[in-house]
Structure formats: C-alpha cells, structure tokens
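Here is a short report on one protein chain. Keep the sequence and the 3D view open while reading.

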Amino acid sequence: MIKCYGCKLRVSTVYTPTIAIRHMLCRWCVIKTAADYARHLARLRDVKPRSLAKLYGSNGPTDDQENAHEDQMRNWSRRYRLVSKLYKAALAAQSGGQS
C-alpha cells in the first residue's frame, strides 16, 4: 500500500500516466479535463491556510505554532503546484486536440 499525495488515502497502486506515477497519485486524483482541474484549484484556494497575522494577531505565534503553520503551507503549496501543473497540461492537450 502507498499513500496518495493528492488525497492522502492509502491505495494499492498509483494511476498509470507518467505524471501520476511521478507524483504518486491515485486514479481518483488524476482528473481528465481542464475544467475539473480548475474546480480543484478553486477548492484548494478555498481551503488555503490563513496567514499567521490573521491567526494569531499582534501576539504572534509560538515557535511550535509557527512550525506547524509552515508545514501546512508547504503541504498546501505542494498540492496547489501539482494541480496547476496538471491543469496546464490538460489545457495544452485540449488545445492541441482541437487544432
């Protein structure tokens, strides 16, 4: 069993396209159309972690809270970059197929 980096579920195998294998994605995380990727990007923007200033105000975070927030932001950024890369590839594939 492996852990899918997209949905964090444990799956038996990764999906077969090269980009999915490289990023360890299950078949549910590899979406087919650019519109699906755009919706996924919008969902990711909705769940983006709040900034430290909004979370802790003028008091500021403790070191542990700051480290936890940094990990959350790193994880969110990694997921967002991956989906945007897949979105751009889907757009290129769609525009290449329509020409």
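## A tryptophan and its partner

Trp76 is buried, at a relative accessible area of 11%. That value falls under the 20% cut-off for burial. Tyr80 counts as partly exposed, with 21% relative accessibility. The model is predicted, and these values are computed from it.

Trp76 and Tyr80 form an aromatic pair. The count of aromatic pairs comes to one. Trp76 and Tyr80 are stacked, with 5.0 Å from centre to centre and 20° between the planes. Stacking requires planes under 30 degrees apart. Both residues sit in helix α4 (residues 63–98), four residues apart, so about one helical turn separates them.

## Overall layout and confidence

The chain holds four helices and two strands. From the N terminus the order is β-β-α-α-α-α. Of its 99 residues, 20% count as buried. Take the contacts between residues at least 6 apart in sequence: 46% of them join residues at least 24 apart.

The average pLDDT is 77, and 65% of the residues score at least 70.

Helix α2 covers residues 34–46, which is 13 residues. At 1.5 Å a residue it should span 18 Å, and its end C-alpha atoms are 18 Å apart, so expectation and model agree.

Which residues of α2 are buried? They are Ala34, Tyr37, Leu41 and Leu44. Seen down the axis of α2, its buried residues fall within an arc of 70°, so they line one face of the helix.

Neighbours within four places in sequence aside, Leu41 is in contact with Tyr80, Val83, Ser84 and Tyr87. Tyr80 is also the stacking partner of Trp76.

## The nonpolar core

In soluble globular proteins, nonpolar side chains tend to be buried together. Here the largest nonpolar core has nine residues. Its members are Ala34, Tyr37, Leu41, Leu44, Trp76, Leu82, Val83, Leu86 and Ala90. Helices α2 and α4 each supply at least two residues of this core. The largest share, five residues, comes from α4.

Tyr80, by contrast, is partly exposed, although it is in contact with Leu41.

Terms used. Residues are numbered from 1 along each chain as its sequence is written. This is a predicted model: local features need pLDDT of at least 70, side-chain atom pairs count only at pLDDT 80 or more; totals for chains, interfaces and linings use all residues. Side-chain values use heavy atoms; hydrogens and water are left out. The expected span of a helix is 1.5 Å times one less than its number of residues. Buried means under 20% relative accessible area, exposed over 50%, partly exposed in between (1.4 Å probe, protein chains only). The arc is that of the directions from the helix axis to the C-beta atoms. pLDDT is the predictor's confidence in each residue, from 0 to 100. Rings of Phe, Tyr and Trp (its six-membered ring) pair if their centres lie within 6.5 Å; planes under 30 degrees apart count as stacked, over 60 as edge-to-face and the rest as tilted. A nonpolar core is a set of buried Ala, Val, Leu, Ile, Met, Phe, Trp, Tyr and Cys residues joined through side-chain atoms within 4.5 Å. Contact means heavy atoms within 4.5 Å.
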